[in-house]
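I opened this notebook to record what I looked up in the structure, entry by entry. The model is shown first, and my notes follow.

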Amino acid sequence: MNIYTKILKNNSDLLDTNPSIYFAPGRVNLIGEHVDYNGGNVFPTAINLGTYAFVTKRSDKEFHLISENFRQIGKKIVTTDTLDYKKERSWANFFSGMLKALLSKNLKITHGLNIVVYGTLPNSSGLSSSASLELLIGVLLKDQYDLDISQLELVKTALDVENKYIGVNCGIMDQFAIGMSKKDYAIYLNTDTLSYDLVPLILGEYTLVIANTNKKRALANSKYNERRNECETGLDILNSAGANIKYLCQLNSDEFAIMSSNIKDNTIRRRVKHIVTEGDRTKLAVTALKSKNLKTFGDLINLSHDSLKNDYEVSCLELDTLVDSFRKHGSIGARMTGAGFGGCVIALIETKESSNIINKVKDEYQNKIGYNADFYKCYTSDGARKITKEEL
């Protein structure tokens, strides 16, 4: 039974036989980790895993929502006079937050909607399931009510909802990648100015594989804030020594080598070293892909992980086990992606050997860690949009 048939069968009380369908991808950051809050460029791409919405119009002005992934939670009903955040609303707060934000941008509600959401992204994996849901809701509301708003404005609205309504202090990378991506491209994005370049992501004989550690990321939030504070300390020290910079990523590796002795604390110095060198690696990765030099791109991915592990110290046993195993079995590049302390690894492996390599890595991980990792062969995707049932 395909997705379309399953969704309609499970939700015959909500959906008619020809619902509108929308899709918002997830994303992975190929390289450029933890540089977004240090004035650097990130390099994400949208992936074919993501979030779907099946939508039927209602005769009243209520919104009835159900998630196929959380059917045990049951149906949630939202009306325009009950849009404040409510803990008991669970995942549907993303809908009420986006609806509230778009109403402030002259969205006119002419009818209610029945909405069934179905996601293929693993939760809490660092693949941006929340941003995917936000952009999904944005594009379906825009389409259903013919709202005059650009895709970029939807991206900014989704970030505002994440920061102020949901209460997660993230940057714009996730929403931007999910909203603005194009199939077969990655986005070289300046998170400060939002200037960007679409870079061809042609992998040839290689496949991008995502491996989810399935580790609960209990440390991620506290350590994220700790790293931000350490970067701010390093920036203050360098400016006191005459650097005169707004962001750490305004330095390149050569300039940092000259100034690094001003940072006496070894921990702070290593944190800054990662940020500066990661900024350089991201630029070099773009050049490598534009030149179709996958070997250099893979080398830079490996160097990125080593820096995240040794200098920034945001990796963990589970991530390192996957990275080491992928490299051992033939990956040309493997690194953790996301905030760290769990979440996912990305790896570039030969397509013809992909199943064999994944099975070896899977066995080694289970033997060492004691539980399974999940593996996904991924492909690039266009950004959040309306689709046809043939595209499912």
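Entry 1, a loop threonine. I looked up the contacts of Thr 191, leaving aside its neighbours within four places in sequence, and found Asp 36, Gly 40, Val 42 and Ile 172; contact here means heavy atoms within 4.5 Å. Thr 191 lies in the loop between β7 (185–190) and β8 (196–200); helices (H or I, at least four residues) and strands (E, at least two) are DSSP runs, numbered from the N terminus. Thr 191 has a relative accessible area of 16% and is therefore buried; the classes are buried under 20% relative accessible area, exposed over 50%, and partly exposed in between, with a 1.4 Å probe and protein chains only.

I then checked the side chain of Thr 191 for polar contacts. The term covers a pair of N or O atoms within 3.5 Å; within protein, one must be able to donate a hydrogen and the other to accept it, and residues adjacent in sequence count only if both atoms are side-chain atoms. A polar atom of this side chain lies 3.1 Å from the backbone oxygen of Asp 36. For the backbone oxygen of Gly 40, I noted 3.4 Å to a polar atom of the Thr 191 side chain.

The model is predicted, so I noted its thresholds: local features need pLDDT of at least 70, side-chain atom pairs count only at pLDDT 80 or more, and totals for chains, interfaces and linings use all residues. Residues are numbered from 1 along each chain as its sequence is written, and side-chain values use heavy atoms, with hydrogens and water left out.

In one of them, Glu 230 pairs with Arg 271, with the closest N and O atoms 2.7 Å apart. Glu 230 belongs to helix α6 (residues 220–240) and Arg 271 to helix α8, so the pair ties together parts that are 41 residues apart in sequence. Both Glu 230 and Arg 271 are buried. I also found this pair within a salt-bridge network that links Lys 223, Glu 226, Arg 227, Glu 230, Arg 270, Arg 271 and Glu 313.

Within helix α8, Glu 278 and Arg 281 lie three residues apart, about one turn of the helix, and their side chains form a salt bridge at 2.9 Å, N to O. Glu 278 is buried at 0% relative accessibility, and Arg 281 is buried at 10%.

I compared the length of α9 (residues 294–310) with expectation: at 1.5 Å a residue, its 17 residues should span 24 Å, and its end C-alpha atoms are 24 Å apart, which agrees. The expected span is 1.5 Å times one less than the number of residues. Buried residues of α9 include Leu 294, Phe 297, Leu 300 and Ile 301. The buried residues of this helix pack against β9 (206–212), α8 (266–290), α10 (317–328), β10 (333–337) and β11 (344–350).

Asp 299 is partly exposed at 32% relative accessibility, whereas Lys 295 is exposed, with a relative accessible area of 52%.

Note on methods. A salt bridge is a side-chain nitrogen of Lys or Arg within 4 Å of a carboxyl oxygen of Asp or Glu.
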